[in-house]
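User: I would like a close look at the charged contacts in this model. Please take one part and follow it through.

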Amino acid sequence: MPDSGNRRLRRTLWGIALSEAQRRLREQEEQSALELRQLREAIDQVKAEEADLQAQCAALEEQVRDARTRLEQLRTGLDRHQAMAPIQELVLAREIADLEEEHARRMAALRAEQERIRAEIAERRASLHRWVQNLLASVAERGTR
């Protein structure tokens, strides 16, 4: 049993009794296990956050691609519109000229109709005036007989 005495001596040399040393080791083991669990949970949380961020990045990349596609479509449409603008301008100018001609023609016709009506009114007035003059002359003739 000289061996067991040697162990007791080593334990006491450190200044800690075996039961105290075992207790401290168990506490350290428990503390280490707790810290290891917390580290694993933190790693799992970071991995979950990383996966969420990767999903968000993928969604943003898709949005950027969609926006680029839409922008290109708008640019293409704008280019087409700008190319067609001179043609549309010519078409509208022709339509305006046609409408102005139609307006001028209708105004001339309206003025002609007004002149015709004025002439007819003047003719009827003259005819009515002649009739009234003849009537007055006839009445005056009968009054003198």
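Which residue forms a salt bridge with R23, and how far apart are the closest N and O atoms?

Analyst: The partner is E20. In this predicted model, the closest N and O atoms of R23 and E20 are 2.3 Å apart. Both residues lie in helix α2, which covers residues 18-144. They sit three residues apart, about one turn of the helix.

Now the exposure of this pair. R23 has a relative accessible area of 32%, so R23 is partly exposed. E20 is at 25% relative accessibility and also counts as partly exposed.

R116 forms a salt bridge with E113, with 2.6 Å between the closest N and O atoms. R116 and E113 are three residues apart in helix α2, which means about one helical turn between them. R116 is partly exposed at 43% relative accessibility. E113 is partly exposed too, at 33%.

Next, E120 bridges to R124, the closest N and O atoms being 2.8 Å apart. Here the spacing is four residues in helix α2, again about one helical turn. E120 counts as partly exposed, with 31% relative accessibility. R124, at 57%, counts as exposed, because exposed means over 50% relative accessible area.

Back to the starting pair. Salt bridges with shared partners join E20, R23, R24 and E27 into one network.

Notes. Residues are numbered from 1 along each chain as its sequence is written. This is a predicted model: local features need pLDDT of at least 70, side-chain atom pairs count only at pLDDT 80 or more; totals for chains, interfaces and linings use all residues. Side-chain values use heavy atoms; hydrogens and water are left out. A salt bridge is a side-chain nitrogen of Lys or Arg within 4 Å of a carboxyl oxygen of Asp or Glu. Helices (H or I, at least four residues) and strands (E, at least two) are DSSP runs, numbered from the N terminus. Buried means under 20% relative accessible area, exposed over 50%, partly exposed in between (1.4 Å probe, protein chains only).
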